[in-house]
Amino acid sequence: MRAEGARSRGNPYPTVDELAWRARAMVAERPGTLRLRTVGTSRAGRPLWLLSAGHGEHQILTVAGAHANEPVGGASSLTLAEDFVRDPRVLDELGCTWHFLLCLDPDGTTLGERRFAGHPASAPTLDGYYRGFYRPAFMSQPEFPPVETDPHTAMPESRALTRLIDELRPVVQFSLHGVEVGGSFLQLTRPIPGAPRAFRSVAAELGIPLEYRPFDGMGWFVDSPGVLVLPDGSPADERDPSGYTSQATWMYAMRHGTVSAVVEAPFWSVAGVSDPSPVTRPQREISRAAEILLSRAKQLERVLGALADQPPADERRLPFHTAARELMDIGPGVVDTWNTHDAHGLGDAELATTVGNSVSLGIAARRIPLRAAAMMRSALDEPPEALDTLVRDWSQELETTFVARWVPVHRQTALHIRTMLHLTRQLVSA
């Protein structure tokens with residue numbers, strides 16, 4: 001059964017449990033081609049499943065489910081594994097053993113599986129997506145363990161992934177992600193000849209727009225539209241607007257000569273993010289985005305009142321409150337980052353100099369307070385009606401303002417899969 005089968009219950013993506021049982025069923029059907037094992041457990045004791053295909057010399061690692069609100073990576077992993085079962089010659093030709101970590105954050109992903117509930121899978125809505133939204137606070141995202149000088153202890157999921165990287169020493173590590181609203185982009189820890197052209201070709205064939213200058217990875221070199229490369233080829237720390245400093249597991253793998261590729265697929269695409277037209281007054285666009293972000297954060301504070309700082313009595317709701325409260329506080333830091341960004345030496349792609357990047361900033365300015373409002377709604381036993389209204393209105397406004405169009409799951413997964421295969425062929429044949 002292909003990954004899209006989860007749609008039968010209204011969810012276009014496989015759940016954490018479905019990832020496991022489908023992997024087990026595939027291994028039982030083709031034990032000579034596939035193997036399944038656990039490589040660790042989550043904080044709540046959930047297994048971290050690794051599905052492996054083939055027996056080639058070159059080790060390839062795909063990491064899915066790093067972010068709780070981005071379930072498409074699991075669907076892409078199962079689909080590609082099924083392709084290998086049908087035609088194992090692909091792995092033989094590449095000389096690869098391909099490993100899929102099916103979900104790096106099963107605890108967080110499980111908390112967010114209410115998204116799309118009650119909506120027909122053929123036409124999900126942003127309102128439905130956000131009503132089940134969950135994305136952990138920055139410090140609880142396992143793809144970003146703390147730097148060694150940080151007093152916090154790395155999560156067990158993070159430690160499991162770094163152990164796996166040390167064991168496999170992969171040629172390439174793919175990290176599969178999803179963007180709620182916008183376009184696709186690719187981040188590489190070192191240049192791969194032919195990769196930008198191949199990636200843009202895949203996106204064009206699938207009708208998925210590229211982020212002309214992605215909002216994420218502002219400190220990365222803009223190789224070309226939709227493609228970012230680590231500037232000096234050496235690991236770098238990541239500092240979130242909350243002040244938390246980490247070193248991504250993509251950087252960790254570089255000690256083994258591994259190149260990491262972060263592939264982003266949009267759930268709802270926005271054609272405007274790919275517009276290269278110049279903007280006459282970029283600073284005005286940045287100021288407009290900043291005003292939207294800060295004013296909506298204040299509006300959310302007013303709606304919540306004292307509830308904003310009262311952790312829920314039910315501990316199961318606490319992660320929602322913690323993550324939402326963090327997002328409500330980061331606005332000034334985000335705006336400061338926008339205003340002080342210096343693109344000198346990074347491809348000279350300053351913020352808001354193109355229509356596409358201005359659109360990306362406008363989406364980000366709306367997305368941050370919307371995520372916070374959605375998670376506060378889930379955190380409260382009896383959320384105020386005004387909060388429910390905010391989530392509904394802001395979701396609809398995001399969808400209509402940017403003419404966001406749902407991207408069918410098979411096209412999202414195709415973007416991941418074709419990109420991975422193109423890049424792998426480039427690397428193992430080099």
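Predicted model: local features only at pLDDT ≥ 70, side-chain atom pairs only at ≥ 80, totals over all residues.
Reader: Which residues does UniProt list for "domain: Peptidase M14"?

Author: The UniProt entry that holds this feature is unreviewed. UniProt positions are given in the numbering used here, feature names are shortened, and annotations may be inferred rather than shown by experiment.

Reader: How far apart do the end C-alpha atoms of residues 24–113 lie?

Author: The span is 37% helix and 30% strand. Helices (H or I, at least four residues) and strands (E, at least two) are DSSP runs, numbered from the N terminus. The end C-alpha atoms of the span lie apart by 21 Å.

Reader: Is strand β2 largely enclosed or largely open, and how many of its residues are buried?

Author: Strand β2 covers residues 47–53. Buried means under 20% relative accessible area, exposed over 50%, and partly exposed in between (1.4 Å probe, protein chains only). Strand β2 is largely enclosed by the rest of the structure, because the number of its 7 residues that are buried is 5.

Reader: How many bridges join β1 to β2?

Author: Two strands pair if DSSP finds at least two bridges between them. Strand β1 (residues 34–41) and β2 run antiparallel, and T41 stands opposite P47 in β2. In their hairpin, which has 5 residues between the strands, G45 takes a positive phi near 90°. The number of bridges that join β1 to β2 is 6.

Reader: Which residue in β4 is the bridge partner of S52?

Author: Strand β4 spans residues 96–101. β2 and β4 pair in the antiparallel sense over 4 bridges. The partner of S52 in β4 is H99.

Reader: Are α9 and α12 roughly parallel or roughly antiparallel?

Author: Axes are lines fitted to C-alpha atoms, for helices over the stretch in contact, and angles run from 0 to 180 degrees between N-to-C directions. The axes of helix α9 (residues 282–304) and α12 come within 8 Å and cross at roughly 10°. Angles under 35 degrees count as roughly parallel, over 145 as roughly antiparallel, 65 to 115 as roughly perpendicular and the rest as oblique. The two helices are therefore roughly parallel.

Reader: How many residues in the contact of α9 with α12 are nonpolar?

Author: Contact means heavy atoms within 4.5 Å, and the residues that make this one include I292 and L293 of α9 and A365 and I368 of α12. Ala, Val, Leu, Ile, Met, Phe, Trp, Tyr, Cys and Pro count as nonpolar, Asp, Glu, Lys and Arg as charged, and the others, Gly among them, as polar. The contact has 1 polar and 3 charged residues, and its nonpolar residues number 14.

Reader: How are α9 and α13 oriented, roughly parallel or roughly antiparallel?

Author: These helices pack with their axes 9 Å apart, at an angle of about 155°. Residues R296, Q299, L300, V303 and L304 in α9 meet A386, L387, L390, W394 and E397 in α13. The orientation of α9 to α13 is therefore roughly antiparallel.

Reader: Is L293 buried or exposed?

Author: L293 is found in helix α9. Not counting residues up to four places away in sequence, L293 touches G331, V334, V335, W338, A365, I368 and P369. With a relative accessible area of 2%, L293 is buried.

Reader: How far apart in space are A261 and V229, C-alpha to C-alpha?

Author: A261 is found in strand β11 (residues 259–269) and, at 0% relative accessibility, counts as buried. A261 and V229 are 32 residues apart in sequence. Their distance in space is 9.4 Å.

Reader: Is V403 buried or partly exposed?

Author: V403 lies in the loop between α13 (385–401) and β12 (405–406). Its phi is near 50°, a positive value in a residue other than glycine. With a relative accessible area of 45%, V403 is partly exposed.

Reader: What is the relative accessible area of A352?

Author: A352 lies in the loop between α11 (331–340) and α12 (355–379). Phi of A352 is near 65°, a positive value in a residue other than glycine. A352 is buried, and its relative accessible area is 0%.

Conventions:
Residues numbered from 1 in each chain as written. Heavy atoms only, no water.
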